[in-house]
Amino acid sequence: MIRFIIEEAKNILRKDPAVKSLFEAIFCYPSIKALLYHRWAHKLYNKNRYTLARIISQRARHKTGIEIHPGAKIGKNFFIDHGMGVVIGETAEVGNNVTIYHGVTLGGIGDDSNAKRHPTVEDNVMIGAGAKVLGPITIGKGAKIGANAVVLKDVPPYTTVVGVPGKVVKSNKEDNLMYVI
């Protein structure tokens, strides 16, 4: 647990120039608290303790403003900057080294509880503030989603998507290397 907290705090130090110390990252960033609650809830969810897992995830939502369903799969070095209003659905999958900003939704489409309804976000992706990524789509490795974009279709790796509906405006692997750690 302590190792996880320190690892996540170091990730915040790398990604956010506003944070001045490890102490500040640990005690002032809701991302760490939300991820700790999620790890706990996700373990219970995987043991079919669904109601208890949901109670924990709702407690996290109340404390941090970040709602991560206990069924969501979250990779390493996931950073939620500012955090308020973030929603991550049950069948969402988030890869390693992903950064999202406040107001982002990784939301579902459909009502089949046995189907994948939420996005898969591959490694090294950045999703801007207020973006809505909806449905069982894939956001490719190294992609960037602009603020307030509404993404309803797969996004190829190393592209930048903006607008409503989201459209690819740039495709350049080298431009996105700064998100690779």
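Predicted model: local features only at pLDDT ≥ 70, side-chain atom pairs only at ≥ 80, totals over all residues.
Setting aside neighbours up to four places away in sequence, Leu13 makes contact with Val19, Lys20, Ser21 and Leu22. Leu13 is part of helix H1.

How accessible is Leu13? Its relative accessibility is 32%, so Leu13 counts as partly exposed, because that class covers values between 20% and 50%. A second residue of helix H1 is Asn11. Asn11 has a relative accessible area of 0% and is therefore buried. Apart from residues within four places in sequence, Asn11 touches Asn77, Phe78, Phe79 and Asn97.

Each of these two residues can also be paired with a residue further along the chain, as the table shows.

| Pair | Places apart in sequence | C-alpha separation |
|---|---|---|
| Leu13 and Glu24 | eleven residues | 9.3 Å |
| Asn11 and Lys76 | 65 residues | 9.4 Å |

Now for helix H3, which runs over residues 30–46. It holds 17 residues and spans 24 Å from the first C-alpha to the last, close to the 24 Å expected at 1.5 Å a residue. Which residues of H3 are buried? They are Ser31, Ile32, Ala34, Leu35, Tyr37, His38, Ala41, His42, Leu44 and Tyr45. Just past the end of H3, Asn48 adopts a positive phi of about 65 degrees.

Stepping back, the protein chain contains four helices and 15 strands. Its C-alpha atoms fill a box of roughly 45 × 40 × 20 Å along the principal axes. Does the radius of gyration agree or disagree with that of a compact globule? It agrees, because a compact globule of 181 residues would have a value near 16 Å, and the protein chain has 16 Å.

Of the 181 residues, 48% count as buried. Among contacts with a separation of 6 or more, 35% are between residues 24 or more positions apart. The accessible surface of the protein chain comes to about 9,400 Å², and carbon and sulfur atoms make up 56% of that area. As for charge, the chain carries 25 positive and 15 negative side chains, with the centres of the two sets 5 Å apart.

Note on methods. Residues numbered from 1 in each chain as written. Heavy atoms only, no water. Helix = DSSP H or I, 4+ residues; strand = E, 2+ residues; numbered from the N terminus. Rg over C-alpha atoms; globule rule 2.2 N^0.38 Å. Buried < 20%, exposed > 50% of the residue type's maximum accessible area, 1.4 Å probe, protein only. Contact = heavy atoms within 4.5 Å. Areas by Shrake-Rupley, 256 points an atom, 1.4 Å probe, with all protein chains shown as cover. Lys, Arg positive; Asp, Glu negative; His and termini not counted. Charge placed at Lys NZ, Arg CZ, Asp CG, Glu CD. Expected span 1.5 Å × (residues − 1).
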